[in-house]
Amino acid sequence: MPTQEGHTVAVDPQDFRTALGHYPTGVAVITAEEEDGSIVAMVVGSFASVSLDPPLVSFLPTRESSRFARIRAAGRFCVNVLSAHQEQVCRTVGRQGSEGLGGIAWSRSASGLPVLDGAVAAIECDLDSVSDAGDHYIVLGAVTSLRVLDPVPPLLFFQGGYGAFIPSAANQRHDLALIEAGRVAERARGVMAELASAVSGECDLLVPAGENLVVAATVAAEGVSTRARVAGRVPLVPPLGEAYVAFAEKPVQDAWVGNRVLADDPSLVQECRRRLEEVRARGWAVSRSGVLTDADLQDALNTYAFGTPTPASLRAVHETVRTSVGHYDPLDLNGEGELPVGTLVAPVLDGDGEPTAVVRISQMSSPASAAQIRRWADALTTACARIAALTAPTNGDRP
């Protein structure tokens with residue numbers, strides 16, 4: 001039994017498992033190759049980083065593990081961090097009596113260690129030391145090589161079951177705001193169809209959900225294919241979402257201009273504040289065609305909008321937006337000639353003047369004159385007012 005200052009402390013094993021089961025752990029498969037070419041693999045939920053200098057990692061196998069005995073004899077191993085989609089891989093490797101890879105696809109690393117297909121990361125190690133720790137060993141591995149294979153959500157073990165890591169930004173996709181979005185979209189669709197027809201383009205309705213705007217509905221004029229997809233997310237990072245942020249409460253505006261996308265460039269912060277003032281005065285936002293449509297940004301935004309974002313993918317979106325925001329060049333409607341119009345966006349405001357959604361029109365004929373753009377903007381703001389009236393809460397909507 002464990003002791004505490006010389007006194008025996010009785011801890012029920014089931015209580016121990018239950019309490020510790022409330023702490024989520026990542027799941028990894030340790031692989032090695034023996035002298036005769038046999039592959040040995042074992043599942044661990046105790047893998048952890050230990051030291052940066054020198055680079056060391058650890059895991060804790062049971063003292064009775066025959067698989068670890070073989071890995072220990074091999075002298076080197078690979079830690080395969082499993083993805084959320086590899087629960088079956090975990091179960092296959094963990095099945096008693098299945099000490100190899102049981103038909104699981106794998107390949108050899110440059111140094112010859114087995115790397116599982118579909119793993120999030122592979123960390124190759126030389127066995128550094130093995131220490132006793134109760135009924136387990138503490139195994140230290142000296143990292144010799146490592147790489148991220150696929151930056152997707154990892155497999156987690158929690159309360160006796162397997163699951164995935166979902167950051168708050170992804171959870172917001174299923175926020176209660178999306179339930180409300182269905183009601184708004186149903187009532188707004190007729191007005192949206194009229195607007196799409198009037199501008200001969202596409203009309204999208206986006207609603208706020210945490211740190212995102214989410215596409216609730218999309219309608220296109222005859223002969224026009226919609227580009228937006230329902231449930232796609234748009235992160236509220238400058239310059240994205242300015243038509244919503246401009247009419248939101250001050251803390252939302254301050255968070256937007258204080259986003260790390262702009263943190264190291266005061267001139268961009270000033271420009272984005274100016275843009276919010278301009279949008280508030282005008283009542284709508286306009287951008288030129290081609291803005292924020294370079295391939296890298298579109299790929300990043302598509303991953304964000306329709307995948308399951310990880311912290312790494314969110315950082316990638318922010319970094320890609322950062323490289324684009326400095327080139328953001330909204331239309332100047334005071335000039336002469338025709339302009340390459342891309343999108344017009346206006347807010348749907350409630351009775352207190354707070355934004356409940358935004359309506360975006362795009363795919364209009366471009367280039368267009370400033371007068372034509374203003375006519376489209378008039379049609380847009382009129383539609384937003386109609387949608388606000390149609391979607392205002394009634395007694396039947398209140399709980």
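Trainee: Which residue in β21 does V345 stand opposite?

Mentor: This is a predicted model, so what follows is computed from its coordinates. Strands β20 and β21 pair in the antiparallel sense, and seven bridges join them. Within β21, the residue that stands opposite V345 is R360.

Trainee: What is the order of the strands in the open sheet of six strands?

Mentor: The pairing in this open sheet is antiparallel, and its neighbouring strands are turned against each other by 25° on average, with direction ignored. Strands β17 (233-235) and β18 (285-288) each have a single partner strand, so each stands at an edge with one side left without a neighbour in the sheet. Read across, the order is β17-β16-β15-β21-β20-β18.

Trainee: Which strands of the sheet does α11 touch?

Mentor: Helix α11 packs on the sheet, and its direction makes about 30° with that of β20. The strands that α11 touches are β18, β20 and β21.

Trainee: How many residues does the largest nonpolar core have?

Mentor: The residues with the most contacts inside this core are L205, V341, L344, V359, I361, I373 and W376. Elements giving two or more residues to the core include α5 (176-199), β15 (202-209) and α11 (370-391). Apart from this core lies another, with V215, A228, Y244 and V279 among its 22 residues. The largest nonpolar core itself has 38 residues.

Trainee: Which residues is V359 in contact with, leaving aside its neighbours within four places in sequence?

Mentor: V359 is one of the residues with the most contacts inside the largest nonpolar core. Leaving aside the neighbours within four places in sequence, V359 is in contact with L195, C203, D204, L205, L344, V345, A346, V348, L380, C384 and I387.

Trainee: At what angle do helix α7 and helix α8 pack?

Mentor: The contact is made by Q253, D254, W256 and V257 in α7, which meet V269, C272, R273, L276 and R280 in α8. By class, this contact of α7 with α8 has five nonpolar, one polar and three charged residues. The crossing of α7 and α8 is right-handed, and the axes of α7 (residues 250-257) and α8 (residues 266-282) lie 10 Å apart, at an angle of about 145°.

Trainee: Which residues of strand β7 are buried on one side, and which on the other?

Mentor: In a regular strand the side chains alternate between the two faces of the sheet. Strand β7 (residues 56-59) is covered on both faces. The buried residues are L56 and S58 on one side, and V57 and F59 on the other.

Trainee: Which residue in β12 does L56 stand opposite?

Mentor: A hairpin through four residues joins β6 to β7, and these antiparallel strands are joined by three bridges, with S49 standing opposite V57. β7 also pairs with strand β12 (residues 136-148) in the antiparallel sense, over four bridges. In β12, the residue that stands opposite L56 is A142.

Key. Residues are numbered from 1 along each chain as its sequence is written. This is a predicted model: local features need pLDDT of at least 70, side-chain atom pairs count only at pLDDT 80 or more; totals for chains, interfaces and linings use all residues. Side-chain values use heavy atoms; hydrogens and water are left out. Axes are lines fitted to C-alpha atoms, for helices over the stretch in contact, and angles run from 0 to 180 degrees between N-to-C directions. A crossing is left-handed if the near helix is turned anticlockwise from the far one by less than a right angle, and right-handed if clockwise. Contact means heavy atoms within 4.5 Å. Ala, Val, Leu, Ile, Met, Phe, Trp, Tyr, Cys and Pro count as nonpolar, Asp, Glu, Lys and Arg as charged, and the others, Gly among them, as polar. A nonpolar core is a set of buried Ala, Val, Leu, Ile, Met, Phe, Trp, Tyr and Cys residues joined through side-chain atoms within 4.5 Å. Buried means under 20% relative accessible area, exposed over 50%, partly exposed in between (1.4 Å probe, protein chains only). Two strands pair if DSSP finds at least two bridges between them.
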